[in-house]
Amino acid sequence: MRSLGLGWLLALGVVAVDQVSKAWVRGHLVPGQVVRVTDWFDWVLAFNQGAAFSFLATSGGWQKGLFSGIAVLAIVVLSILIWRHATEHWFCTGLALIMGGALGNLVDRLVAGEVTDFVQWHVGQHYWPAFNGADSAITVGVVMLLLEGQGKKRPPAKAKEDSGRPTP
């Protein structure tokens, strides 16, 4: 990432892909419908008023403001981090993906009051909660940040002194 502008461009690209995919699913599936794609992957149409894994989904509506506020705060913080670390390309790309995912789900919350989920993975009868393109971008961005952090060299630990005498 060379600038905050490129970070925002990537984030808006994530939002565009996310919103187009959600609109397609809402136009082609009905809530609860399951379209088997493979033995381990289905298309579904689900709506989530909560956060990840439907956290606080049945809390009466106040959570929309909370999660929207958290998303706005995250977008501001991520923008600042991208601006401050403009020369760290991998780091900024991960941040931009997270920002795009947060923005994509924020659009859903503000427009529809709930987030559209449609991708469902499973093994036999064990199902992972449904998710969407914004969630995927956030996950990829976090993985990039973790990998980037693993690649940084840490300074060597200082040698301990034994009973006040310097080590030879």
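**Aromatic pairs in the predicted model**

In this predicted model, the count of aromatic pairs comes to five. One of these is formed by Trp-40 and Trp-121, whose ring centres are 5.1 Å apart and whose planes meet at 5°, so the pair is stacked. The assignment follows because planes under 30 degrees apart count as stacked. Trp-40 is located in the loop between β1 (34-38) and β2 (41-48), whereas Trp-121 belongs to strand β3 (residues 115-123); the pair therefore ties together parts of the chain that are 81 residues apart in sequence.

Both members of this stacked pair were also examined for accessibility. Trp-40 has a relative accessible area of 46% and is partly exposed. Trp-121 is likewise partly exposed, with a relative accessible area of 34%.

Trp-121 also takes part in an aromatic pair with Phe-41. Here the centre-to-centre separation is 4.9 Å and the angle between the planes is 40°, an arrangement classed as tilted. Distant parts of the chain are again linked, since Phe-41 lies in strand β2 and Trp-121 in strand β3, 80 residues apart. With a relative accessible area of 12%, Phe-41 is buried, because buried residues are those under 20%.

These contacts form part of a wider arrangement. Ring pairs join Trp-40, Phe-41, Trp-43, Phe-118 and Trp-121 into a cluster.

Conventions. Residues are numbered from 1 along each chain as its sequence is written. This is a predicted model: local features need pLDDT of at least 70, side-chain atom pairs count only at pLDDT 80 or more; totals for chains, interfaces and linings use all residues. Side-chain values use heavy atoms; hydrogens and water are left out. Rings of Phe, Tyr and Trp (its six-membered ring) pair if their centres lie within 6.5 Å; planes under 30 degrees apart count as stacked, over 60 as edge-to-face and the rest as tilted. Helices (H or I, at least four residues) and strands (E, at least two) are DSSP runs, numbered from the N terminus. Buried means under 20% relative accessible area, exposed over 50%, partly exposed in between (1.4 Å probe, protein chains only).
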